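Please look through the sequence and the model below, taking the overall fold before the individual side chains. The paragraphs that follow start from a single residue and then widen the view.

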Amino acid sequence: YASSDQRCLVMDGKLVAFAPAGLTTYTIPDGVTTIGKRAFSSCSSLTSITIPDGVTTIGSYAFFSCRSLTSITLPESLTTIGEMAFYGCERLTSITIPDGVTTIGIRAFYSCSSLTSFVGKYTSSDQRCLVMDGKLMAFAPAGLTTYTIPDGVTTIGSYAFQLCSSLTSITIPDGVTTIGNGAFSSCRSLTSITLSESLTTIGEMAFYGCERLTSITIPDGVTTIGIRAFYSCSSLTNVYSKPTTPPTFGASVFSNSPVAAIHVPQASVDAYKAASGWSDYASKIAGYDF
């Protein structure tokens with residue numbers, strides 16, 4: 001299974017292992033069609049990789065924690081980028097998504113803290129996001145403290161902004177109906193977030209660990225708040241919940257957060273105090289004129 005340069009094991013076109021010692025740049029051999037799961041994981045000396053035409057799939061964790069990687073060339077033949085494929089490539093500054101790509105996995109570019117832009121397919125007009133059929137899949141955070149999500153986004157994908165620790169303020173435009181699981185988790189500097197008036201769903205752990213968030217206004221159309229959505233938001237003292245019907249409330253939504261008051265519509269105070277989950281905070285629920 002050895003490649004001609006004896007650096008790879010290739011089985012039926014799938015690159016399953018790589019010998020990295022002494023290399024800073026590498027071109028994957030012709031004949032490879034799939035880069036297997038974790039094939040280049042933690043190859044910390046590599047600064048540049050070229051993937052040849054013919055490769056259609058980059059597997060999960062394929063380039064996980066390639067911390068020195070500043071440049072990677074993806075081929076036009078590529079169709080699939082697996083989950084966490086480039087997780088922790090903290091020196092990667094830009095990446096071009098070829099036109100043939102149809103699948104990008106969850107957290108494919110997670111913790112790529114130096115990313116300033118995406119180029120090519122699915123790129124937003126400001127080159128900061130990858131948006132597939134209205135779903136924001138990935139974000140390039142480097143150099144930003146405030147951000148307004150582009151118009152046209154309807155769903156913020158799971159973990160899309162996770163650990164974007166420099167962001168202090170985010171605005172979510174009208175049209176966004178869903179915030180996915182963990183979407184803003186561990187955004188530790190986030191002090192302000194404006195939620196879309198069209199929002200209906202806040203996913204599990206969506207704002208987990210946003211430790212500087214002091215208040216949150218839940219829009220009128222929200223029907224579901226997932227488990228631990230605001231868990232361990234250690235500065236969160238005020239919640240403003242505008243829906244007249246209490247949203248479905250997952251377990252431990254505000255656990256480990258110092259919520260002092262939950263403001264709800266005047267006519268809905270009793271409904272909130274009786275509703276599952278909300279009833280745990282009955283003493284903190286008070287009427288408010290929105």
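Is Lys 242 buried, partly exposed or exposed, and what is its relative accessible area? Lys 242 is partly exposed, with a relative accessible area of 25%, where buried means under 20% relative accessible area, exposed over 50%, and partly exposed in between, computed with a 1.4 Å probe and protein chains only. This is a predicted model, in which local features need pLDDT of at least 70 and side-chain atom pairs count only at pLDDT 80 or more, whereas totals for chains, interfaces and linings use all residues. Residues are numbered from 1 along each chain as its sequence is written, and side-chain values use heavy atoms, with hydrogens and water left out.

The protein chain holds one helix and 25 strands, these being DSSP runs (H or I of at least four residues for helices, E of at least two for strands) numbered from the N terminus. Its C-alpha trace spans about 75 × 35 × 30 Å along the principal axes, and of its 290 residues 49% count as buried. Among contacts (heavy atoms within 4.5 Å) between residues at least 6 apart in sequence, 28% join residues at least 24 apart. The chain exposes about 11900 Å², of which carbon and sulfur atoms supply 46%; accessible areas come from the Shrake-Rupley method with a 1.4 Å probe, and for residues only the protein chains shown count as cover.

In one of them, the side chains of Glu 197 and Lys 242 meet at 3.7 Å, N to O. Glu 197 lies in the loop between β18 (192-194) and β19 (201-202) and Lys 242 in the loop between β22 (238-241) and β23 (248-249), so the pair ties together parts that are 45 residues apart in sequence. Glu 197 is itself partly exposed, at 44%.

Arg 67 forms a salt bridge with Glu 90, with the closest N and O atoms 3.2 Å apart. Because Arg 67 lies in the loop between β6 (57-58) and β7 while Glu 90 lies in the loop between β8 and β9 (94-97), the pair ties together parts that are 23 residues apart in sequence. Both partners are partly exposed, Arg 67 with a relative accessible area of 40% and Glu 90 with 30%.

The surface also carries patches, made of residues with over 30% relative accessible area and no salt bridge, in which like charges are joined within 9 Å and nonpolar side chains (Val, Leu, Ile, Met, Phe, Trp, Tyr) within 5 Å. Asp 30, Asp 53, Glu 76 and Asp 99 gather in a patch of negative charge; Glu 76, in the loop between β7 (71-73) and β8 (80-81), counts as exposed at 54% relative accessibility.

The backbone deserves a last look. Most residues other than glycine have a negative phi. Leu 163, in the loop between β15 (155-156) and β16 (169-171), has a positive phi near 65 degrees, and Ser 252, in the loop between β23 and β24 (261-265), has a positive phi near 60 degrees.

Note on methods:
A salt bridge is a side-chain nitrogen of Lys or Arg within 4 Å of a carboxyl oxygen of Asp or Glu. Lys and Arg count as positive and Asp and Glu as negative; His and the chain ends are not counted. The place of a charge is taken as NZ of Lys, CZ of Arg, CG of Asp or CD of Glu.
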